[in-house]
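Q: I have a model open and would like to go through it with you. Could you take me from the overall picture down to single residues?

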Amino acid sequence: MTVSSAHHRAHVSRSVAAALALSLGLATAVVGPADRAGAHGGELRDREYWVEDYGIAEAWEDTRGAGVTVAVIDSGVDGSHPDLEGVVTGGTDVSGAGAPDGQRGIGEVPEHGTLVASLIAGRGHEPEEPVASASPSASAKPSASAKASAEASADASAEAEAEASREAEDSPLQTAGRGADGVVGVAPEAELLAVSLWIAGEATGANPAGVSIDDQIPNAVRWAVDNGASVINMSLGSTSPTWPESWDEAFLYAEQKDVVIVAAAGNRAGGSVQVGAPATMPGVLAVGGLDAKGAASRESSSEGISIGIAAPAENLVGALPGGLYASKWSGTSGAAPLVSGVAALIRAKYPDLTAPQVINRIIMTARDAGIPGKDTIYGHGILDADAAVNADLTVPEERLLGAGGVVSMAQYIETYRRGEVPPPPPPEAAPEEEPLPDIPEPTVPAAQERTSSASSLPAFIVFGFGGLILVILLGGTYQVIRIYRDGRADEDPSEPASEDFHKVR
């Protein structure tokens, strides 16, 4: 049975900054589910072309992701699927509308999270024993020719089964899982955390629990970090490159806790011409899409400077809830989990590498494509899992991933959010000082009326001194006149008067 899925887009609730529209990346996908009896593991695994073409089989020679936990922030993961039994070790729901353990599909595309999870850590399963059909007639006895024909047919069937068994033993896909049936993910020994959120859409509408996507996303990231995820896969993307400020602190928290975050770049068929958040956020490895031939996908990818790596995004297979399978689906939401699986392989083999170094190994070993060097379609190049896991190279500690020169959330917040400075803390209370001793107010003398004696004393002094000076002047004048007269009486009348001033007696 083949089911053609319609264009799936989800719209994020409006935040103060801008309205975001999330698209799950299943745009124009053709999904072919099959029941348990009709799911032939060999057929599904033959379609997992990326295992051989992108170096995953060679990477499995050293590691298959044991000991690494990957969080799948999506629509929910069916952990009861035969390929995912025992793989989902924990989970939660951040929407308020899903199962508490995150293992029930919700929102516009409820099967989406299970598809993504199977590409990361699907383990396959043992095929069910065929049920023998009843004989059409118990009394009928086969003829000799019919008996010979049946024996020949049985011999041919046994020979075909033996040949298929020998081919299976030579195929890494058959030996990597838990059996010949089902889907094998890139990191089949990794463990998963299922974090369900509600992606709104035309069919299902807004989240019935009322929790906005602006709150669901940061809550999901924080929960994943706090519950042991060292890799987070986000196969969802916005049609806008910006994101609400409410996401900042959660992604900064993941950065500070050394967690690798991988996100889908979005699909042109889903309306994402340019890369949208969270793939545009600093430190997040954005994954672009390729077609089955390894060229950039026209429909199942977007374009932008944020793209870090390109991986298969067309003609994918995957698990569906209820033990079913998708025989064909497309979108960068399928390319992202392939890269997340490679990140899990690297973290398992090199546990001492930091999250930026894990990303550095992936982009440093990518096969260049398109314009030489980094470009807006392939990013740093095409995924090479073998080189990313096994190449002998020195991985720098500094972050090589960064669009527009911003390489981390810490740098982004410091550069672009500093305009909104938090209010300063209240001033500290001044220390109490010992009170100074009281100083009595000075006594102001009262004015008194002057007495008569006090008022006459200054006048007496003035007139007394004046009279004394007058007496002295009069006495001096008298003496001058007397001396003058005495001199006139003694002078010779015969001498001329003109000589009076020239004689000295």
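Q: Among contacts between residues at least 6 apart in sequence, what share join residues at least 24 apart?
A: The share is 78% in this protein, where contact means heavy atoms within 4.5 Å. This is a predicted model, in which local features need pLDDT of at least 70 and side-chain atom pairs count only at pLDDT 80 or more, while totals for chains, interfaces and linings use all residues. Residues are numbered from 1 along each chain as its sequence is written, and side-chain values use heavy atoms, with hydrogens and water left out.

Q: And how many helices and strands are there?
A: The protein has 13 helices and 15 strands, taken as DSSP runs numbered from the N terminus (H or I of at least four residues for helices, E of at least two for strands).

Q: How much of the protein counts as buried?
A: Of its 505 residues, 47% count as buried, meaning under 20% relative accessible area, with exposed being over 50% and partly exposed in between (1.4 Å probe, protein chains only).

Q: What about α9, how many of its residues are buried?
A: In α9, 16 of the 18 residues are buried, so this helix is largely enclosed by the rest of the structure. Helix α9 covers residues 332-349 and reaches 26 Å from its first C-alpha to its last, close to the 26 Å expected at 1.5 Å a residue, the expected span being 1.5 Å times one less than the number of residues.

Q: Switching to α7 and α8, at what angle do their axes cross?
A: The axes of α7 (residues 213-226) and α8 (residues 248-256) cross at roughly 20 degrees and come within 8 Å; axes are lines fitted to C-alpha atoms, for helices over the stretch in contact, with angles from 0 to 180 degrees between N-to-C directions.

Q: Now a loop: where is Ala 296, and what does Ala 296 touch?
A: Ala 296 sits in the loop between β12 and β13 (307-312), and is partly exposed, with a relative accessible area of 24%. Leaving aside residues up to four places away in sequence, Ala 296 touches Gly 289, Leu 290, Asp 291, Ile 377 and Tyr 378.
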